[in-house]
Amino acid sequence: MLANIGEVQSRRVVAWVFLLAVGAGVLPAGTGDAGGVPFSASRNVPDYKASMTVRDPYPFHHKPNEYSRSVFHHDGWTRVEEIQGNEANIAYGSALDNVVLWTRRFGDEDFTRVDIDKTKPREARETGDAESRAGEACKWSEITRKGSQDGPIWLSCLSGDGIEIGEKVLFSSKELMTETRLVRLERKPVADSEVRPPKRLFDPGFWLKPFRDYPDRPADRVDFEARMTGMHSDLRILRHYPWQSEERRGKDGSVRFTVWNDLENQGINLIYSKREYSLQAFRSPLDPAQPFNQLYAERGQADVKRRDNHLGESCAWFNMTPDSADAGRMECLTPDGVPLKVDAWAWGGDGEIYTAAELKRRPVDLKEMLPPRELIEPSAWGFTVED
């Protein structure tokens, strides 16, 4: 029986949240498993260019349910482009090095977002099925992540020399989610430049460049630097309205960094730990008709009618995520909006209570609010970039 639309949408939302953790939009086919790049079981795959079509029986947001995909592969690195109307989804990465960069642009506009992930290694199990596509014979394998059995079923059809010429994504009920089919394959040299992402995708200055002159700072948005301590990590907060940054460094060596613009859909989110290494960046004006900030969609400020004191100052507790069901954040704020205490938690754990150890009300420059350079530069992810 065909999966109902509610089930389709529900399962896609789960896959989307799992991969990106932040934001909303439409995944390129294959992104949830392979990060948008074809599966590869060997480093000896030849250079090639492939034209393919993707069929999506249940497209989001009135997207076409069939669209084109172009694949360029050179020396273990791949670029994939999918065109859906005026929107181009582009992925760069290496299947064997378990890294992928996904980005998006509309028409002649510059890039509006980027997602980079270090992913878990993938394993292939042959199904015993074989077929021919566009004159190329291939054998089907089921692709899985090490240590992960949940989620959709991913199938890859590999040619004798290791080129992925077909892909299927199935719901757990075995009903089709998406299918990719080969149209044309050319085994020919591909230049380095064709599989390298643009340098500016790793440049914080590109993502954080102001769109406009911003209004005068409200009275409760004073510039400040706060250094806070918790049981498992330390937190540094900087603000220069409408910008704010937070850097959390765990005692286990993990780093969580976020910088965002309160008035735009703009900012960077970076996670570095033993379990996860990912980066998301966004750059687009906030749409007045749909004011959805992809970094802090749930943020608000509800007075919980509780007062406190710290460092010789009084503060009032506010629920900063009043509409969130799976994460929460409480802050004890001074009259000029400086947090003296922060209580943050998420569904499934990973909570922390912070108290300010050092607080400075001082002018803050946007250059101070950049992510750690050693975690964002291309070589940290294994990429070589194109100017």
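Strands are DSSP runs of E of at least two residues, numbered from the N terminus. In this predicted model, strand β18 covers residues 302-310 and holds aspartate 308. A search of the whole structure finds 2 disulfides. One of them joins cysteine 138 to cysteine 157, and another joins cysteine 315 to cysteine 332. With the bonded cysteines of the protein chain numbered in sequence order, the pairing reads 1-2, 3-4.

**Disulfide of cysteine 138 and cysteine 157**

- The sulfur atoms of cysteine 138 and cysteine 157 lie 2.0 Å apart.
- The disulfide of cysteine 138 and cysteine 157 is right-handed because the torsion about its S-S bond is about 90°.
- Cysteine 138 has a relative accessible area of 3%, so it is buried, the cut-off for buried being under 20%.
- Cysteine 157 is also buried, because its relative accessible area is 0%.

**Disulfide of cysteine 315 and cysteine 332**

- From sulfur to sulfur, cysteine 315 and cysteine 332 are 2.0 Å apart.
- Distant parts of the chain are linked by this pair: cysteine 315 belongs to strand β19 (residues 313-319) and cysteine 332 to strand β20 (residues 327-333), 17 residues apart.
- The link of cysteine 315 and cysteine 332 is right-handed, with 90° about the S-S bond.
- Cysteine 315 counts as buried because its relative accessibility is 4%.
- Cysteine 332 has a relative accessible area of 0% and is therefore buried.

**Aspartate 308 and its surroundings**

- Aspartate 308 has a relative accessible area of 22%, so it is partly exposed; that class lies between the buried limit of under 20% and the exposed limit of over 50%.
- Leaving aside residues up to four places away in sequence, aspartate 308 touches Glu313, Ser314, Cys315, Trp317, Cys332 and Lys341.
- Among these contacts are Cys315 and Cys332, the two cysteines that a disulfide joins.
- The side chain of aspartate 308 also makes a polar contact with the side chain of lysine 341, at 3.1 Å.
- Leucine 333 is 25 residues from aspartate 308 along the chain, and the C-alpha atoms of the two are separated by 9.2 Å.

Notes
Residues are numbered from 1 along each chain as its sequence is written. This is a predicted model: local features need pLDDT of at least 70, side-chain atom pairs count only at pLDDT 80 or more; totals for chains, interfaces and linings use all residues. Side-chain values use heavy atoms; hydrogens and water are left out. A disulfide is a pair of cysteine sulfur atoms within 2.5 Å. Buried means under 20% relative accessible area, exposed over 50%, partly exposed in between (1.4 Å probe, protein chains only). Helices (H or I, at least four residues) and strands (E, at least two) are DSSP runs, numbered from the N terminus. Contact means heavy atoms within 4.5 Å. A polar contact is a pair of N or O atoms within 3.5 Å; within protein, one must be able to donate a hydrogen and the other to accept it, and residues adjacent in sequence count only if both atoms are side-chain atoms.
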